[in-house]
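This report describes the overall architecture of a protein chain and then turns to one feature of its surface.

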Amino acid sequence: MTDRLRGHAAMLAFSGLIAGSFALGSMAAPHIAPTALNAVRFILASVLLGSAAWATVGIPRATWQAPWRYLLLGGSMGLYFVMMFEALKTAAPVSAAAVFTLTPIMSGLFGYILLRQVMTPRMGVALAIGAAGALWVIFDADLQALMRFEMGRGEVIFFFGCIAHAFYTPLVRKLNRGERPIVFSFGAMVAAAGLIALAGWSDMRGTDWLGLPAIVWITIVYTAVAATAITFVLLQYASLRLPSAKVMAYTYLTPTWVICWQAALGHGLPPRMTLVGVGLTTVALMLLLKDE
């Protein structure tokens, strides 16, 4: 496989793994503060990823040059995840996943600002189709609600989190100085863990860790391993090989993956009219992935 195809394969895996955090997160969110959950998951993920990096490629001393880079990366990704779990207290998983599909538009904008990556007319059309599909899902296929632009509290919170996520993608390429993806991811993850732990220290101390239901621990382990350690590496790997807008194009698959997760967990399927919006996001993905 070429580097470009490996980048696409990485993002395909990314979209499936990240969708699990929406489905599981909605079940765990009512039982624990978002900062407490994410602090623990990032600490655990940092240990796992750091150990893997040390055992495979090593962690050169030069990795820690300009540590402010990791604070920017870790801060943006940490903010995204905290706001995601806060949003899932009230937003449905499929609806939140639809908000997530708005990130390619914002990522394309940040890609131009930071890297001067130009969006072609076809990419612009694809992003517009994807945004239309996302809005259709977010407003539950209700045209009147769409015209009034009545978004739920959870969807609004998560939208601001997605801005941070969109900023992260081009920032990886902007700040990387030749570090391997796993090492660079480790630095960003350590920074995210530290920042979230500082912000959520009181929540961590006030949590009855032994009294938490099993779903919280399942979510912590899943998000630490699959939706943090693995996806951090996949996202950084792809970001170094594909334009920012194409990397984030795979977020258009997230609602479809979430629907599969929800069905597998026994939560049923969304209304048929909502699936129209999911179909539009899939069309947008196909358009964005086609070579110029």
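Helices are DSSP runs of H or I with at least four residues, strands are runs of E with at least two, and both are numbered from the N terminus. On that basis, the pattern along the sequence reads α-α-α-α-α-α-α-α-α-α-α-α-α-α, with 14 helices and zero strands in the protein. The model is predicted.

**Overall dimensions and packing**

The radius of gyration of the protein is 18 Å, which agrees with the value near 19 Å that a compact globule of 292 residues would have.

| Property | Value |
|---|---|
| Box filled by the C-alpha atoms, along the principal axes | roughly 55 × 50 × 30 Å |
| Share of the 292 residues that are buried | 55% |

Among contacts with a separation of 6 or more, 90% link residues 24 or more positions apart.

**A nonpolar surface patch**

On the surface, a nonpolar patch is formed by Leu44, Leu48, Val221, Val225 and Ile230, whose accessible area together is about 350 Å². Two helices, H2 (34-56) and H11 (214-239), each supply at least two residues of this patch. The largest contribution, three residues, comes from H11.

Methods:
Residues numbered from 1 in each chain as written. Predicted model: local features only at pLDDT ≥ 70, side-chain atom pairs only at ≥ 80, totals over all residues. Heavy atoms only, no water. Patch = residues over 30% accessible without salt bridge, like charges linked within 9 Å, V, L, I, M, F, W, Y side chains within 5 Å. Areas by Shrake-Rupley, 256 points an atom, 1.4 Å probe, with all protein chains shown as cover. Salt bridge = Lys/Arg side-chain N within 4 Å of Asp/Glu carboxyl O. Rg over C-alpha atoms; globule rule 2.2 N^0.38 Å. Buried < 20%, exposed > 50% of the residue type's maximum accessible area, 1.4 Å probe, protein only. Contact = heavy atoms within 4.5 Å.
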